[in-house]
Amino acid sequence: MIDREELIAIALRSGASHAGILETPAIEFHEDFRKACEKNFCRKYDTNWMGPPAVGPIAELRNRMLGFTEGMLFQSTHPVSSNFDMKGIEAAARAHDEVFRKLVRAVRDRYPAEAILPLGAGCCTVCGRCAYLDGEPCRHPDLAASSVEAYGMNVIALQKRAGFPYYFGKTTVCFVGLILFGSVPDAPAASGSETGSSSR
Ligand code: SF4
């Protein structure tokens, strides 16, 4: 069984600035976020197995998430020169992804028998070019991870619920991630390539 305090300690050791536990039923889903994805503001819609539409409809993802009792929300913050520092923001996203991957590895190493559902920020970046674009199956289903945005979660609502700061001014950006854990007894087995328990 995963120890909450230890999980938070692992997150902070992995580079998160904040980490806390949320009860899964308190997490809100919004179709509107998926609609924003469909407008392709991020220019990554329909390019990745772990992003929409390939990752599946919100209702299916919500059911998958409800197969877990709790989630650890974490965030990392990074300096940028301004709101318009696109290179800085991209570098910050990569740095957050490293924190996320390190944290998931550490959790899987510490709790190899526990099913978890890790959700990062943005599309899966394990491969330079997602196999989805070539009509091929995911190359690393044990490492692939979807995101809180693809699952239709409101990031600021999550941060508020966890009691995290969520506005840092114009020269700091913040990204979040969520690791779901604690399988619901008798729930349909959580499925999906993000839930494997193998280590990287
Ligand atoms: S592991 Fe590679 S192929 Fe699989 S979803 Fe991620 S980027 Fe795409």
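Biologist: Which residues of helix α1 are buried?

Modeller: This is a predicted model, in which local features need pLDDT of at least 70, side-chain atom pairs count only at pLDDT 80 or more, and totals for chains, interfaces and linings use all residues. Residues are numbered from 1 along each chain as its sequence is written, and side-chain values use heavy atoms, leaving out hydrogens and water. Helices (H or I, at least four residues) and strands (E, at least two) are DSSP runs numbered from the N terminus. With buried meaning under 20% relative accessible area, exposed over 50% and partly exposed in between (1.4 Å probe, protein chains only), the buried residues in α1 are L7, I8, I10 and A11.

Biologist: Within what arc do the buried residues of α1 fall, seen down its axis?

Modeller: An α-helix has 3.6 residues a turn, so residues three or four places apart point the same way. The arc is taken from the directions that run from the helix axis to the C-beta atoms. The buried residues of α1 line one face of the helix, because they fall within an arc of 160 degrees.

Biologist: Which exposed residues does the face of α1 turned away from its buried side carry?

Modeller: The buried residues of α1 pack against β1 (18-23), β2 (68-79), α4 and β5 (172-183), where contact means heavy atoms within 4.5 Å. The face turned away from that buried side carries the exposed residues E5 and R13.

Biologist: At roughly what angle do the axes of α1 and α4 cross?

Modeller: Axes are lines fitted to C-alpha atoms, for helices over the stretch in contact, and angles between N-to-C directions run from 0 to 180 degrees. The axes of α1 (residues 4-13) and α4 (residues 86-110) come within 9 Å, and they cross at roughly 140 degrees.

Biologist: Which residues of α4 make the contact with α1?

Modeller: On the α1 side, the contact is made by E6, L7, I10, A11 and R13. On the α4 side, the residues are K102, L103, A106, V107 and R110.

Biologist: How many disulfides does the count come to?

Modeller: A disulfide is a pair of cysteine sulfur atoms within 2.5 Å. C130 is buried, at 15% relative accessible area, whereas C138 counts as partly exposed at 27%. The count of disulfides comes to 0.

Biologist: Which peptide bond is cis?

Modeller: Most residues other than glycine have a negative phi, and most peptide bonds are trans. In the loop between α2 (31-38) and α3 (58-65) lies P53. With omega near 5 degrees, the cis bond is the one from P52 to P53.
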